[in-house]
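Please look over the structure shown below before reading on.

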4 protein chains.
Amino acid sequence: MPVERGLKIATIGGGSSYTPEIIEGFIKRYAELPVKDLYLVDIEAGKWKLEIVGQLARRMVKEAGVDINIHLTLDRREAIKDADFVTTQFRVGLLEARIRDEKIPLRYNCIGQKTTGAGGMAKALRTIPVILDIAKDMAELAPDAWLINFTNPSGIITEAVSKYTDIKVLGLCNVPIVMEKMTAEILETAADKLRMDFVGLNHLVWGRAAYLNGENKINEVITKLASGNFRGVKNIPDYEWGTDLLNSVGMLPCPYHRYYYLTDLMLKEEIKAARNEGTRGEVVKKLEASLFELYKNEDLKVKPKELEERGGQYYSDAACDLISAIYNDKGTIHYVNVKNNGTVNCLPNDSVIERTSYVGKNGATPLNSDPLPSQIKGLLQVVNEYETLTIEAGVHGDYNAAFQALTIHPLVESSIVKDLLADIISENIDYLPQFKVNN
Amino acid sequence: MPVERGLKIATIGGGSSYTPEIIEGFIKRYAELPVKDLYLVDIEAGKWKLEIVGQLARRMVKEAGVDINIHLTLDRREAIKDADFVTTQFRVGLLEARIRDEKIPLRYNCIGQKTTGAGGMAKALRTIPVILDIAKDMAELAPDAWLINFTNPSGIITEAVSKYTDIKVLGLCNVPIVMEKMTAEILETAADKLRMDFVGLNHLVWGRAAYLNGENKINEVITKLASGNFRGVKNIPDYEWGTDLLNSVGMLPCPYHRYYYLTDLMLKEEIKAARNEGTRGEVVKKLEASLFELYKNEDLKVKPKELEERGGQYYSDAACDLISAIYNDKGTIHYVNVKNNGTVNCLPNDSVIERTSYVGKNGATPLNSDPLPSQIKGLLQVVNEYETLTIEAGVHGDYNAAFQALTIHPLVESSIVKDLLADIISENIDYLPQFKVNN
Amino acid sequence: MPVERGLKIATIGGGSSYTPEIIEGFIKRYAELPVKDLYLVDIEAGKWKLEIVGQLARRMVKEAGVDINIHLTLDRREAIKDADFVTTQFRVGLLEARIRDEKIPLRYNCIGQKTTGAGGMAKALRTIPVILDIAKDMAELAPDAWLINFTNPSGIITEAVSKYTDIKVLGLCNVPIVMEKMTAEILETAADKLRMDFVGLNHLVWGRAAYLNGENKINEVITKLASGNFRGVKNIPDYEWGTDLLNSVGMLPCPYHRYYYLTDLMLKEEIKAARNEGTRGEVVKKLEASLFELYKNEDLKVKPKELEERGGQYYSDAACDLISAIYNDKGTIHYVNVKNNGTVNCLPNDSVIERTSYVGKNGATPLNSDPLPSQIKGLLQVVNEYETLTIEAGVHGDYNAAFQALTIHPLVESSIVKDLLADIISENIDYLPQFKVNN
Amino acid sequence: MPVERGLKIATIGGGSSYTPEIIEGFIKRYAELPVKDLYLVDIEAGKWKLEIVGQLARRMVKEAGVDINIHLTLDRREAIKDADFVTTQFRVGLLEARIRDEKIPLRYNCIGQKTTGAGGMAKALRTIPVILDIAKDMAELAPDAWLINFTNPSGIITEAVSKYTDIKVLGLCNVPIVMEKMTAEILETAADKLRMDFVGLNHLVWGRAAYLNGENKINEVITKLASGNFRGVKNIPDYEWGTDLLNSVGMLPCPYHRYYYLTDLMLKEEIKAARNEGTRGEVVKKLEASLFELYKNEDLKVKPKELEERGGQYYSDAACDLISAIYNDKGTIHYVNVKNNGTVNCLPNDSVIERTSYVGKNGATPLNSDPLPSQIKGLLQVVNEYETLTIEAGVHGDYNAAFQALTIHPLVESSIVKDLLADIISENIDYLPQFKVNN
């Protein structure tokens, strides 16, 4: 990656409403991260969005006075060829598919969530064939490039790539950063003064320690959190954990733990929302529509504040920081989805975990983790096996694996699995070539 | 254990309605297992039952013409002193406590079951202090004796003894034998022609293989089971598993898997039963009352057929076979609850597993298990951590451990844990000295 | 394997001087093990031996009045086709190769032994291509047959088959049986009253426990052994272990442990023997010549006593017992070389260990092993990695793996490795096609 | 550790000739590491050295114009009380003991080396009681202090503290730094541009990767090393590894690997040296005498160049860097001896490994290690078990453990163990209270 040339970055799903975030991220870091060519790639169905957000991106870089060429293309292979980094933020089946992921489980009185449980599995089944295809293109056209995956369920998608390809891949999520920022707020300090010990799986990650000036403040964080107000990520309702739950866990849960620890409340909230303002996907759809209206405004030359409502804050910071840490061989700590390889001894070596990692030009090395206590170990293990089964189902179109993935998932009541899975497969069949072949 | 003397056996909870089973077992095996003194021990509150069942036991041995002295006593230490085997079938808090274990969770729309989930945890919390006390007596009065535990939750109780004492202990359950007999029936063969590969935890055990003449017939068993009728243990309603579930698991589930695989149906059944004939505990209470009426009949000199309705069939066969295999150094295969020690690599060494084991005078050595497939691994791991936490709670009165045990258990919806646990502790407080000390 | 037909057995290396042992074994067990066709297979160079020993075998079965057809053939595929069991007792390169295995290391003042260290590695490198070829034939011609391997180094050869083929394989060695018989002698009891807990690798196996009537007598065995005389296998000189060594190990070493525990004495003895009566291989060569002279005698109709001098006593008992246990689905304990699969947690899953195992028609399941103490763990681990590297070298002709196998082996001083390995490869090159291809 | 007060550091074995190194280290880093009080502690027998080196230390700080108070004391407890860091560079039994450690094994034609094998074990046995005593003082008088151990065998001593106390401890060695500097030299770059992946045990550590600008250059390093000249640490003769050895290992061995990979050459060199200039200990004794002569010179106000001949170069850099990284919460990479805790999966959790670690105020977290290849795994495992046994022997005076430690060590021929161990114990008995009690 010679600096002379500048970097080539390909962003798959470049028509996403999130794109201005990452553009802003590259602009802010232009001095240290000399991006020369940014390819925003989308599919035919997303072309109109790509056009709008692409023009905004061009106005943004022009306004910032940085020399980044924004390329808009439907030709993924052109974008990937010789890229230094490929980032993925695409969504197979568009928002309509996400809304289905939310609504199908609700029919069965079951949590419908785009990243875990039944909804997450559906999304994974749709996404795995596409990501493996991208990885195949990369192996051919840009074998040294890094794949930085944000596409949810980020851990599962990263694990599928890690298990079934030789591509260099890291998964990213904004959840750890959101948690770190919240922890900083609780401790009335700056996030960069903290060093967090995160361990778990994507969207099932715990803050095990929060070191401030070398001292682990996690108990103080928990105590204050138990008595106060925890503002998590935008797209999850803000319920109280309860003192006993927090004390007995003894570490900081992530926002998505609400699905596990407050299942019934979350389900009721989902049902209510579906009846009123719509599922989160439906809300996002409206939000996106209005965002694209905003983006069309030719006077808009910076990332609009309204994007923050969307729920993915800090994504661009996380992604650009990670890319810069790799590019500049920084030797800094990042919270990434990375092959376990024994870091967490109670999970298989080939699973992908979310973990505090040390990042340089050679990639991310997870910091070793102390053995996990029972209260988080059991939950991680069962969800990890759900993920393993989901990947098998996603790669091979293995119905039995999909059936058991749902059966053992803590958020899915077992007796609904057969009907639920039938709905998932039949209503997503256009995006499930692996199941077509097998059925 | 010199044969000359004959064996001394102490049965704790000797006033149980099950006692005639074990008496019958000893009578049948008298030639190979020369029991001389059988001490039936109970507590003051069970004295009337002890008297009735004790007299029946005496009539049974007299009728059979074997020279077993039946001793009835409330002095546990006298019974344990110099015993060769101590068997446990006691129930702390009597049937009233079991009925509470069933009813308290139902208040929260949660499975109430005496061996797992919320009910099982409550039973474990009551039983652990007593079993550790018994083990303490054994260490002092009969340090070479074997403790053969049937008291439920059998795996957890055995694990508590294994972790916190040096007593030689094995846990027993009739479930594997029931499964083996059913498998034999399905394959239209005799149970003793089969060799089953059981692996899991007590009441969460799978039949991984069924060798008939060296060939693993488990797929045939599953196929036939899927299409036919599975008559499991008496005390669990008989639901169909469904072909897809069975095929995707790929091994034989145990009857108690219904709570995990058919949660909602089982819950509805429990609720209905509670409203109509009563919970299983309430039914058993009536059954027991009528059994004791029967037992009073001085003309009754054998185990009455009605006992089979009670649900614990084959217990005596399992127990007496195991005792005889140890006593006679048989080198035969038994299905027991035994310290894992690496047998199942994805569970901790110090957990107690239910496993096909080789038994001789030196005890039970589990046959090594192949690595487990995802669909049973995840479920086992999370339930194993629930068990670990339950034991910590039971031994140390650790509220946080109890809280998390319920939180991670697949059958307990997390948002009810606080209230549910408060009810469990307050309504069982007379039997929970460890929690009194701590609160 | 329908009984009607009787069993077909193929013995590769059938011209071996050991063959009368296995013939005797089949004769003794004819009632329970109805062998109908026994194919003795050899290569052109061994044809004369095959003829001699084959005629003796025919006289033996005739004399015994059993209906076993002895077939003598150079056509391995004909022998393997539809066989029920294939046994291997061949020696690639004949005794000349063994003598080289002993003499080449001696040039470098290094133990030369046919089953471990430099000599064992050389033998493994020659044998692996042949055994994989046999396994390939079996996969095609007798896919359900069991391969019972005696060919040394038995553990390594069995592991090569286990790792690189799908053939059902078990490795056998007479060492555990010799140790059991010696233990019985020390305890003044019969071997069949003992149950031994053997754990380790082939020719590096320890007797961890010796249960007599349920009691572990290993300490008594060690104490008596330390003060008395241990008559091990015939082909290893009889040195005293010393009390401190035995007490600090705390278990029964195998005869081959002398190479590890008394290295210098063994080396001196080897050097002296090489100068005087010749290496063990040279002695055996003379012994064999005189055995074949004996075998020629048409009046000889039973296994001659002189064969016992040869050193492989109990091989036939071990082999025929194992075959019968499988064929008759006996459910008995045997000491075999079998895939580890987690039995010994500190060794890799895919290593082959020597272990007390439970044997039925479905094969051998190792009894789980308690975690190993440091004094045997470290030695096992390093020798296991030597074996792993040797297999890689043997299968792929990987010079680096061979180099490191010798480098880390405790019996090979590292600075001689380069020259030693050069000699091994060049002097065995006719039998090392995998190295020809690579060099 | 409030900055206002400045740091208190206690250096046990402060009379060492190395002390000027660490003084220089603190002087160089005074701006970032405000040491206020440095206690140099020694025992009565070392008082004269303490006086000499202490006066030099005072002249050095005065010359440098930094405000560090040098305290010279024989009262260890006074020095430890409220210390922020305790460093250890003491030598139980002085150089005379080291010379014995070298000479006793040589009697038996066995490598005599102060950090591994027989000599290392002897040193560990003498040192363990003292270090545990220091840790006990720390627990009482400075429970929050870090123990930074340089005392050899550094890994074993650190592991003894880690296993048997609750003190915060890290072990240090200059070997990784020497290797890193050599690697930089080979690659013609600066050491701070490299990021090395070190994995192993102290004095048995391999450089698995050398990242330069994100690329792993280890193969280039090995190739150049194989063809050129490797200048390792001063106190080990400079032998050629040989191309085949280096290529087959595939990573960078440490200088002490010569004892394992070139055993015979090293032994011959030791024997020759013992006959001529004396063992390394004898040479060092003379060197030290002349150093102390130098130190006496009141005009000497800086670390003399001659100290570099002594062999411990970069020690002070390593130690002061580590202390500063902790004190300043730097988040930088250091190569330290730290509890394994699953980092290297094929070694026990409670072993201490030498590993690339991330260091901040909360201590050192090892970077997770990929599974090890066979060629280093087996050697590490057996030496690790030697270390485990040595610690058991050192803590409990367990003769059997000491016997087996030597028996399994690759550098000790087994048949000499009894006599060798007898000599070690009897000639060190004044420093082995644990063995006095037990014998």
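The contact, meaning heavy atoms within 4.5 Å, takes 33 residues from chain A and 33 residues from chain B.

This is a predicted model, in which local features need pLDDT of at least 70 and side-chain atom pairs count only at pLDDT 80 or more, while totals for chains, interfaces and linings use all residues. Residues are numbered from 1 along each chain as its sequence is written, chains are lettered from A and ligands numbered from 1 in the order in which they are written, and side-chain values use heavy atoms, with hydrogens and water left out.

## Salt bridges

Two salt bridges are counted between chain A and chain B, each being a side-chain nitrogen of Lys or Arg within 4 Å of a carboxyl oxygen of Asp or Glu. One of them joins the side chains of A:Lys377 and B:Glu385, at 3.4 Å from N to O.

## An aromatic pair

Over all chains there are 34 aromatic pairs, where rings of Phe, Tyr and Trp (its six-membered ring) pair if their centres lie within 6.5 Å, and planes under 30 degrees apart count as stacked, over 60 as edge-to-face and the rest as tilted. The rings of A:Tyr399 and A:Phe403 are a tilted pair, because their centres are 6.0 Å apart and their planes stand at 55°.

A:Tyr399 is partly exposed at 25% relative accessibility, whereas A:Phe403 is buried at 5% (buried is under 20% relative accessible area, exposed over 50%, partly exposed in between, with a 1.4 Å probe and protein chains only).
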